[in-house]
Amino acid sequence: MSKGNIRLLSDTLAKAKAEDRAALVAYLPAGFPTVDGGIEAVKAVIAGGADVVEVGLPHSDPVLDGAVIQTADDIALRGGVRIADVLRTVREAHEATGAPVLVMTYWNPIDRYGPERFAAELAEAGGAGCILPDLPVQESAPWREHADKHGLATVFVVAPSSKDARLATITAADSGFVYAASLMGVTGTRESVGNEAQELVRRTRATTELPVCVGLGVSNAVQAKEVAGFADGVIVGSAFVKLLLDAPDLPAGLAAVRALAGELAEGVRRS
């Protein structure tokens with residue numbers, strides 16, 4: 001039985017901490033702009049300086065995602081992307097870079113595919129785990145059993161609205177890291193990331209030893225530096241996706257995401 005890369009994920013986050021910086025976590029959807037183009041984009045953000053990558057599994061009803069990622073998902077779905085393509089993206093990106101690669105997905109596609117099968121195949125592809133924004137923690141035990149058996153992290157999302165007792169319940173079920181949504185709402189770039197995120201990280205840390213990574217709204221090095229001041233990791237998605245959407249062609253898009261990853265990687269270094 002293949003073992004997934006939860007240990008690699010934990011070691012990568014610990015290494016960033018040892019270097020007195022936040023980890024840079026990049027998000028890109030599989031199959032966008034094409035399956036091959038998406039794989040190249042993941043390689044480009046890692047080459048630019050991302051420590052960890054979340055590969056999105058495109059979904060027709062992405063409740064957490066804003067307009068930019070919905071547009072990319074739509075392109076991927078119209079292109080016929082399948083779960084096999086998502087797993088291939090994980091495999092090829094991890095093999096090429098050695099970086100930890102997670103899948104971010106809504107629960108429905110995994111439920112239909114078969115949770116045990118998905119966990120086994122994700123581990124076999126070298127995946128580090130799954131981020132599951134809409135799987136209720138109290139219903140997650142069967143999935144977590146499969147994930148644990150296959151050496152995969154299960155990452156849940158906490159939000160500013162989460163009460164302390166709820167935070168404790170979520171983080172007790174978490175592995176790898178905790179995904180802290182910096183604000184109420186959907187993904188997308190924001191003018192400021194603000195105090196809500198800092199307070200959420202403080203409250204979350206009171207319940208767990210796991211690293212806390214902050215996403216939703218970070219799009220530039222200044223914001224990355226701000227979040228790196230209080231979080232263990234900085235998650236950036238829409239800003240990368242927008243560069244690929246706006247690029248005249250794939251090579252230009254890859255150069256742009258690599259450059260942004262480089263700027264953000266500088267930003268997360270707290271010096």
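**Exercise 1.** Find which residue takes a positive phi just after helix 7.

*Solution.* Helices (H or I, at least four residues) and strands (E, at least two) are DSSP runs, numbered from the N terminus. Just after helix 7, the residue with a positive phi is G151, at about 70°. The model is predicted, so local features need pLDDT of at least 70 and side-chain atom pairs pLDDT 80 or more, while totals for chains, interfaces and linings use all residues. Residues are numbered from 1 along each chain as its sequence is written, and side-chain values use heavy atoms, with hydrogens and water left out.

**Exercise 2.** Determine where the buried residues of helix 7 lie and what they pack against.

*Solution.* Step 1: apply the cut-offs, where buried means under 20% relative accessible area, exposed over 50% and partly exposed in between (1.4 Å probe, protein chains only). W143, H146 and A147 of helix 7 are buried.

Step 2: look down the axis of helix 7. Its buried residues fall within an arc of 100° (taken from the directions from the helix axis to the C-beta atoms), so they line one face of the helix. The face turned away from this buried side carries the exposed residues E145 and D148.

Step 3: list the partners, with contact meaning heavy atoms within 4.5 Å. The buried residues of helix 7 pack against helix 5, helix 6, strand 4 (129–131) and strand 5 (153–155).

**Exercise 3.** Describe the aromatic pairs that W143 forms with W107 and F118.

*Solution.* Step 1: state the rule. Rings of Phe, Tyr and Trp (its six-membered ring) pair if their centres lie within 6.5 Å; planes under 30 degrees apart count as stacked, over 60 as edge-to-face and the rest as tilted.

Step 2: count the pairs in the whole structure; there are three. W107 and W143 form an edge-to-face pair, with 6.0 Å between centres and 75° between planes. This pair links helix 5 (residues 107–113) to helix 7 (residues 141–149), its members being 36 residues apart.

Step 3: take F118 and W143. Their ring centres are 6.4 Å apart and their planes stand at 45°, so the pair is tilted. F118 lies in helix 6 (residues 115–124), 25 residues from W143.

Step 4: check burial. F118 counts as buried because its relative accessibility is 0%, and W143 counts as buried because its value is 2%.

Step 5: join the pairs. Ring pairs link W107, Y113, F118 and W143 into a cluster.
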